[in-house]
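Take a walk through this chain with the model open beside the text.

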Amino acid sequence: MSSTLAGWLQVGLLVAALAACYVPLGNYIAKIFATDKHWRVERAIFKATGINPDVDQTWGQYLRSMLAFSAVSVLFL
């Protein structure tokens, strides 16, 4: 088998695998992101960090979060 044919076969198999998986995987991800139910571990993390999952962040809170994350990343790296 030539390398060109093998390459095209690999691309074709990848496209077929993605075509077979995108609908079930998309439905699963949509179900996860659309639910309001939180797992016990998530609720514990929210409580420990003082996060209210039902309230959106303002731009100021987002800015402070990004700056704090960047500062911690610089310190550890």
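In which helix is Phe33 found? Phe33 sits in helix α1. This is a predicted model, where local features need pLDDT of at least 70, side-chain atom pairs count only at pLDDT 80 or more, and totals for chains, interfaces and linings use all residues. Residues are numbered from 1 along each chain as its sequence is written, and side-chain values use heavy atoms, with hydrogens and water left out.

Confidence comes next. pLDDT is the predictor's confidence in each residue, from 0 to 100. The chain has a mean of 92, and 100% of its residues reach 70 or more. Helix α3 (residues 59-76) has the highest confidence, at 95. Helix α2 (residues 40-49) has the lowest, at a mean of 92. Helices here are DSSP runs (H or I, at least four residues), numbered from the N terminus.

Now follow α1. Helix α1 covers residues 3-34, 32 residues in total. At 1.5 Å a residue, α1 should span 46 Å; the expected span is 1.5 Å times one less than the number of residues. The end C-alpha atoms are 45 Å apart, which agrees. Yet α1 bends by about 40° at Tyr22. The bend is the angle between axes fitted to the seven residues ending there and the seven starting there. Pro24, a proline, follows within four residues.

Is Phe33 buried or exposed? Phe33 is exposed, because its relative accessible area is 69% (buried is under 20%, exposed over 50%, partly exposed in between; 1.4 Å probe, protein chains only). Ala68, in helix α3, counts as partly exposed at 43%. The C-alpha atoms of Ala68 and Pro24 are separated by 37 Å.

Terms used
Helices (H or I, at least four residues) and strands (E, at least two) are DSSP runs, numbered from the N terminus.
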